[in-house]
Amino acid sequence: MKRDLVFHREYAHPPERVWRALTDPEALGEWMMENDFMPEVGHRFTFRTDPKPGFDGITHCEVLEVDPEKTLVFTFTGGGLDTVVRYSLEPTETGTRLMVEHTGFRGLRAYLISFLMQMGIRGMYDRQLPALLQKMADS
């Protein structure tokens with residue numbers, strides 16, 4: 001069993017602001033999870049959240065690719081997952097299109113987790129990230 005999560009969102013904000021929300025550790029912590037991220041290829045970092053049954057709350061990651069304001073790729077491993085996240089940004093007439101590909105959900109456990117994550121992703125990318133982008137624009 002294998003599944004990938006792929007979706008696109010458009011934000012009425014310039015690519016540099018969306019990029020900052022994706023790569024600034026403090027901003028990333030506001031809309032996603034607490035972290036020690038740095039946008040440098042080879043940097044190993046963690047995302048931290050509340051533990052759940054079968055998951056200690058820590059996701060181990062490594063930055064694989066960085067092309068500022070265009071592409072960010074990192075591994076996402078923990079809680080039965082060994083996956084890869086790719087963010088691709090594309091300027092539009094009204095802001096930025098963000099393409100998110102979270103790939104490599106293999107096996108029954110990861111397959112099932114992907115459905116739970118898909119529900120959480122909607123909140124993060126449809127409410128939390130847009131709220132942060134607007135907060136950044138207002139400051």
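Me: What does the side chain of R9 make a polar contact with?
Reply: The side chain of D126, at 2.4 Å. Bear in mind that this is a predicted model.

Me: Where does R9 lie?
Reply: In strand 1, which covers residues 2-11.

Me: And what else is R9 in contact with, leaving aside neighbours within four places in sequence?
Reply: Besides D126, R9 is in contact with T96, R97, L98, R122 and Y125.

Me: R97 turns up there. Which residue has R97 as its bridge partner?
Reply: E90 does, with R97 sitting in strand 7. Strand 6 and strand 7 pair in the antiparallel sense, over nine bridges. Strand 7 runs over residues 95-106. The two strands are joined by a hairpin, through two residues.

Me: How do strand 5 and strand 6 pair?
Reply: In the antiparallel sense, over eight bridges. T75 stands opposite V84 of strand 6. Strand 5 and strand 6 form a hairpin too, with two residues between them.

Me: What about phi for G79 in the turn?
Reply: Positive, about 60°.

Me: Switching to rings. How many aromatic pairs does the structure hold?
Reply: It holds 10. One of them is F37 with F45, 4.9 Å centre to centre and 85° between the planes, which is edge-to-face.

Me: F37 and F45, buried or exposed?
Reply: Buried. F37 has 2% relative accessibility, and F45 has 1%. The cut-off for buried is under 20%.

Me: Why is the F74 and Y87 pair edge-to-face?
Reply: The planes of F74 and Y87 are at 65°, and over 60 degrees counts as edge-to-face. Their ring centres are 6.0 Å apart.

Me: Which parts does the F74 and Y87 pair tie together?
Reply: F74 lies in strand 5 (residues 71-78) and Y87 in strand 6 (residues 81-92), so the pair ties together parts 13 residues apart in sequence.

Me: Which residues form the aromatic cluster?
Reply: F7, W31, F37, F45, F47, F74, F76, Y87 and Y125 form one cluster. Y125 is also among the contacts of R9.

Me: Which residue lies over the face of F115?
Reply: R3, at 3.7 Å from the ring centre.

Me: Now V41. Buried or exposed?
Reply: Exposed, with a relative accessible area of 57%. V41 lies in the loop between strand 2 (34-35) and strand 3 (44-48).

Me: What does V41 touch, not counting residues up to four places away in sequence?
Reply: V63, L64, E65 and V66.

Me: Zoom out. What does the secondary structure come to?
Reply: Three helices and seven strands. Along the sequence the pattern reads β-α-α-β-β-β-β-β-β-α.

Me: What radius of gyration does the chain have?
Reply: It has 15 Å. A compact globule of 139 residues would be near 14 Å, so the chain agrees with that. The C-alpha trace spans about 40 × 25 × 25 Å along its principal axes.

Me: How much of the chain do buried residues make up?
Reply: They make up 43% of the 139 residues.

Me: And what share of contacts between residues at least 6 apart join residues at least 24 apart?
Reply: The share is 49%.

Terms used
Residues are numbered from 1 along each chain as its sequence is written. This is a predicted model: local features need pLDDT of at least 70, side-chain atom pairs count only at pLDDT 80 or more; totals for chains, interfaces and linings use all residues. Side-chain values use heavy atoms; hydrogens and water are left out. Rings of Phe, Tyr and Trp (its six-membered ring) pair if their centres lie within 6.5 Å; planes under 30 degrees apart count as stacked, over 60 as edge-to-face and the rest as tilted. Buried means under 20% relative accessible area, exposed over 50%, partly exposed in between (1.4 Å probe, protein chains only). Helices (H or I, at least four residues) and strands (E, at least two) are DSSP runs, numbered from the N terminus. A charge sits over a ring if NZ of Lys or CZ of Arg is within 6 Å of the ring centre and within 35 degrees of the ring normal. A polar contact is a pair of N or O atoms within 3.5 Å; within protein, one must be able to donate a hydrogen and the other to accept it, and residues adjacent in sequence count only if both atoms are side-chain atoms. Contact means heavy atoms within 4.5 Å. Two strands pair if DSSP finds at least two bridges between them. The radius of gyration is taken over C-alpha atoms; the globule rule is 2.2 Å times the number of residues to the power 0.38.
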